[in-house]
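Follow both in the viewer as you read.

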Amino acid sequence: MGARRFVVGCWGIGWILQVWAGVCLAQDGDGRAFFEAKVRPLLIDRCQKCHGAEQAKSGLRLDSRAGMEAGGESGPAVVPGKPQESLLIEAVRQTGSLRMPPKERLSEAEIEVLERWVEQGAVWPGEVGEAGGRVASAGTLDEAELAERARHWSFRPIEPVEVPAVRDEQWPTNAIDRFLLAAMEAAGVRPAGPADRRTLIRRLTFDLIGLPPTVAEVEAFVNDGRPDAYERLVDRLLASPHYGERWGRHWLDLVRYAETAGHEFDYEIPLAWRYRDYVVRALNEDLPYDRFVREHLAGDLDPAPRRDQVTGRNESILGTGFLWLGEGVHSPVDLREEQVRRLDNQIDVVGKAFLGLTLACARCHDHKFDPIRQADYAALAGYFKSTRQQYAFLDRETAGRETLRSLRDELVEVAWEGWRSDWARAGGGTGAGGSAGDGVVVFEDFEGGTLEPWHASGEAFESPAEATVRVGADALVVVPAGVAHSARISERLSGVLRSPTFTIEQNYIQYRVAGRGGRIQLIIEGFEKIRDPLYGGLAIRVDHGDAMVTVVQDVRPWRGRRAYIELADGAVADFTGETTRLVGGDGFVGLDAVWFTNDAAAVGGGEGLPVRYPLEGLGGEGAALLSRFREAETALGEPTLGLAAVDGTGEDEHVLIRGNPRTPGPAVARRFLSVFDVREGDGADGWSARGRGEDSGVAGSRRWELAEAMMDVRHPLPARVVVNRLWQHHFGRGLVATPDDLGRMGEPPSHPELLDWLAAELIGSGWSLKSVHRRIVTSSAYRMASQGDPSADERDPGNRLWHRRELRRLEAEALRDALLAISGRLEAVLGGPSVPPHLTESMEGFGRPAVSGPLDGAGRRSLYINVRRNFLPPFWVVFDYPLPVTCMGRRHVSNVPAQALTLLNDPFVREQAERWARRARTEAGESAEATIEWMYQTAFARLPSAVERMAARAFLGEEPNEADWADLAHALVNVKEFLFIP
Amino acid sequence: MHCRRYRTLPQTRREWLRQSAHGFGAVALTTLMAEGALPAPSRGAGAMGPHHSARARSVIFLYMDGGPSQVDTFDPKPRLDREHGQPIRMKTPPTQFNNVGTVLRSPWRFRRWGQSGIPVSELFPHVARCVDDLALIRSMTAPFSEHTQANYFLHTGSGLQGRPSHGAWVGYGLGSENRDLPGFVVLNGGLIPPGGVDCFGSGFLPAAYQGSVFRSSESPVENLRPGPGQDRMRELVRRLDEEGLGRLGRQDALEAAISNYELAARMQTSIPALLELDGESRATKALYGLDHADPATRIYGRQCLLARRLVERGVRFVEVLCPRVDADRWDQHSDLKTGHENNARATDQPIAALLTDLKARGLLDTTLVVWAGEFGRTPMAQGSDGRDHNPYGFTIWLAGGGVRGGTIYGATDEYGYYAVENPVTVYDLHATMLHLLGIDHKRLTVRFGGRDMRLTDVHGEVIRSILA
């Protein structure tokens, strides 16, 4: 099929001129591709709505070959090889009494597709003759087909490659150049000459740290006579802390980084920025990439987590934060559906970002092109379904807790020596017990002397094995055994206790609780954005004090759902207000028992009154101890929290027929992609490895195993994917032009050997990204000029061979940062909470922040501007900042008039231009000539040409005032060379 | 087809320029095209090109934010009168607020109008007079009973953020007929729908296709108004860029970015000219309600008039958002009477004026007007006097541009809860809109994430019964 060309132009705010190619089908040997491209979509579109998994009208299913052959009430639908005898063809031809589809006749072309397909034997890839009633949309990818698909280039092992010989031995600096040059020589194309040093330092500085070089840096490099001047420059920039900011921003595109959840009210994702800072630190430290990915998948399970050298905080766990940066639906009517959607997004991001695979395609059916089964999808989904969101405690265990514990013991000893007998006199219990009537299930009573199998985070929850006395605000209070309590040591400690996952089988959950400022949350199908309408009742504030009372929660709407209980003293997010906030950790919460009941009547007995000893009037040693205790409490400080994963109960996910949570198929045991097993010959197959479903019994999510499997060096995708990304950001286009899809639907690599050579280098260097950067930027290829040899331009017009440097347009963030840098406004501080975005008039709608941030973002780099899903700054959007919806490894580079309007009229640009002009006149001295020179040096890393000098002088006139200078500055940032880096 | 294989050809705009024009690249080219010396590549030949002859050239999408009630507007249900105050006698699904009351009769009377005799409630006395131009779909359905997802779905065919809006798809498919205005304009009357401006985004299509939201204020578009001395600055930039082309090479991206400044300058004139209503007659202004006592009617009237002016200028897709009224958007969870009356008062006369005016100017034939909310409302009360969301059966209408007026398509059950006859999906609506514009919805695709994506995903059937 020949490619058709169309030209589109002049559209939208756009007026892009772009050429699109048409569609061409792959060559087809055995009819499989024809089936996938033509027949299957047609059947799905036009037939299966009535004759498929959801309904089988007249007993007929057209979603499997077997179903077709079995036929319906009128008999078999197809006779392979014989269209004239096939009812299917008769029906769509509408020549007889059976006329299908009922509403709209198929086009002639569509009918011919079906005829041809039947004629050629009705090939149905992977069909193994199962009956029409079985899961027809799943499991069609058989071993042979899987193995066939696994022969696709990106699944093959990374083999050692030979560096090719070249004729021109002078040009290459390293192996990269030899790979490129060999291809160029084969095509009769000569590489461009080297770029001059000014161009080079500007290019390299933007590429590595995302900022322009300063005048002093440029001059130092230009005048550096040492033979390794360039290598020194590379080393300096790779060691710059701004390197992590620059490449961290590239990374954030892959994980759809945002700090709000979007949807109707655009709720905050509190502390999302800690993930952003984690990425920056990891890149700056050159954390081995395999470990970086492992931490993303399972940093919370790392047996020896990395800790920050200064603060001692857990770094590894922060990697898992990316799982929770997606869009979050507000009050979904069906929580299971929302969970399935969330898992889909997580798997989509994991697949594309780390593996360059479109795994999420296999949610509803086996992947159409790549060796990924629907069962593989379910197997992966299980890992994330068994994973919960938490605000993790990052600090090392504090010494403060032990101090408080011993002070407490001393204080109780001195002040209330006889507490045990006082308590025994009062009954010595919690007043629980209650009536174990019909249908009352004790879910938990903590009588086993342990919090297990509940999972505690933070420092607040202590063993419930023995009764202890706690130091309350105005009294010492006995905390009986068998109570999960967050203030046995101090109210200042915070923590969260999470139950195992269970199925809601009864109408009510009853909690016997005490607390001040505490919270109980019922997390159903992983849904944590609890608020009205619908879900308000899932969060219970516990604020009545030390008395044990029974609280009844109506869970009738969620019978049959999977859920867990969070008992929180701080460290959870509250969604009930206008925006999200973290609940503070002061106060306490104590849980005596949890019952499931069918009746609403409380089973927890009467009010359990606390046994107390008032602190008022405490004197002598007791008073001194109390005041030391209070001082130690004050000294505790606030815990450092971070958004992270925490393991839940292990749960396998079901294959969802047609992706629909209401039609679950079998559960699949958690495992990595079966294609890699097949390749290694152990023959495991996704369908025989049945999962055990909701009670899989395998403790925890086992994500650590997933991380190990995924980053196994024998597995070729992660290394290929990441070196391709590095290449892309240095050269403007990846060796594989579709960086998030290395599957069959992606582009094939232009230089496959080079890609593998780089991947092997990465692995060989211990997964050091910086060493790959160094290889790339020290190549001759990287250092070429952007003006190519005319004959080379002729032979390689699209620069597919990289015979010259590709001109690069700065991204939105780099452009904004460059403006701040030249104006002198840049605050080069690293990390921390984000700066609120400046709100323009057009940023309106629900969830608009109450307060606008400063116009210049307080001078902080763009990386640190709060990313609000529903309120992305227009400046960014105009310059193609991607919507944070899924992995976006390649941004558009569009050309729209709004870009011109922004650079001409945006108040931020004007403000920075004015600032830059003032700075120029201060730094360059009085002479207009020197000022112009300095401006060219800061903006373009070069001196102005004679023509440019004259033009600037003419523009300024004889007696330029401040506004004239600002206009000149403003004009210069509109010159294309400011935005396009040669 | 959603999984076809294709490969882009390494053809650059520059090569195209070289083939079709001589001289100074992009700027000259756009000038030539503007003067009609060259066939503009965008005229009727977008990414995919029209697949068949078009009935409509433009779309005006009147988005009824919040979900107007079908049983109070275009779908009368006598059973509600009979059973008013009684529990509904059918199985009902969970609703958004789950505060289900008894059957609630409509506070408004219905009357038959026009030759078609289609009943319209007294909420819409003006639109009722145009009923012979309307094709009512009484069996509309949506898959979400929650605003944001339903909004994304109505606009993009997906319940989540990130897909291109219908207007972006149309632009991608057909290109624009006007070089000085955006091809997809959203007239913001004051209410940005839940889900925000991503309802109008370009998703994985280039930013060029995203909807331009025009505010109803003095400066409708950000950064449009030129600062002092801009002409001088622009001239300097032009000279320096010319110098730069010598330094950096005449590369596509560079030349395209330079030509952008010319286009931006034209926008700075064309948009204010568009908004300047002095040339409109007093009668026209009165027709649209620009002198109405209710400020919301005046705002919406102005939006509708602007919609006509945009369509006149060849803009492909205009979406009109609702104004703020003295009540919530059409989302009457309580006090249905006041809320719906205020929303109806703001929109009724302007919409009728738009239809009348388009018709008088001969534009209705080529302009498809769509009136739709993201869902309808429940036949039983929420609380005592409101209605909850109902995505299972509600009414929308289409008019003009190849639509057969005076028709009713589909039906809901006796309560007006579920679509029971010829249920229509948003995919079907989109397929029909594209069909009328000359686009086969199955062939308008773009590759993203390993798939050829469509506005209608793998669904959608053209609703042929309402076509003229």
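Strand β7 (residues 475-479) of chain A pairs with β19(A) in the antiparallel sense over three bridges. Two strands pair if DSSP finds at least two bridges between them. Leu476(A) has Tyr613(A) in β19(A) as its bridge partner.

This is a predicted model: local features need pLDDT of at least 70, side-chain atom pairs count only at pLDDT 80 or more, and totals for chains, interfaces and linings use all residues. Residues are numbered from 1 along each chain as its sequence is written, chains are lettered from A and ligands numbered from 1 in the order in which they are written, and side-chain values use heavy atoms, with hydrogens and water left out.

The open sheet has three strands in the order β6-β7-β19 (chain A), with antiparallel pairing. The edge strands each have a single partner strand, so one side of each is left without a neighbour in the sheet.

| Edge strand | Residues |
|---|---|
| β6, chain A | 468-471 |
| β19, chain A | 612-614 |

Neighbouring strands of this sheet are turned by 20° against each other on average, direction ignored. Helix α15 (residues 399-415) of chain A packs on the sheet and touches β6, β7 and β19 of chain A. Contact means heavy atoms within 4.5 Å. The direction of α15 makes about 100° with that of β6(A).

Now the helix pair. Helices α6 (residues 175-186) and α21 (residues 752-764) of chain A pack at an angle of about 170°, with axes 9 Å apart. α6(A) and α21(A) are therefore roughly antiparallel to each other (angles over 145 degrees).

Technical notes: Axes fitted to C-alpha atoms, helices over the stretch in contact; angles between N-to-C directions. Helix = DSSP H or I, 4+ residues; strand = E, 2+ residues; numbered from the N terminus. Parallel < 35°, antiparallel > 145°, perpendicular 65-115°, else oblique.
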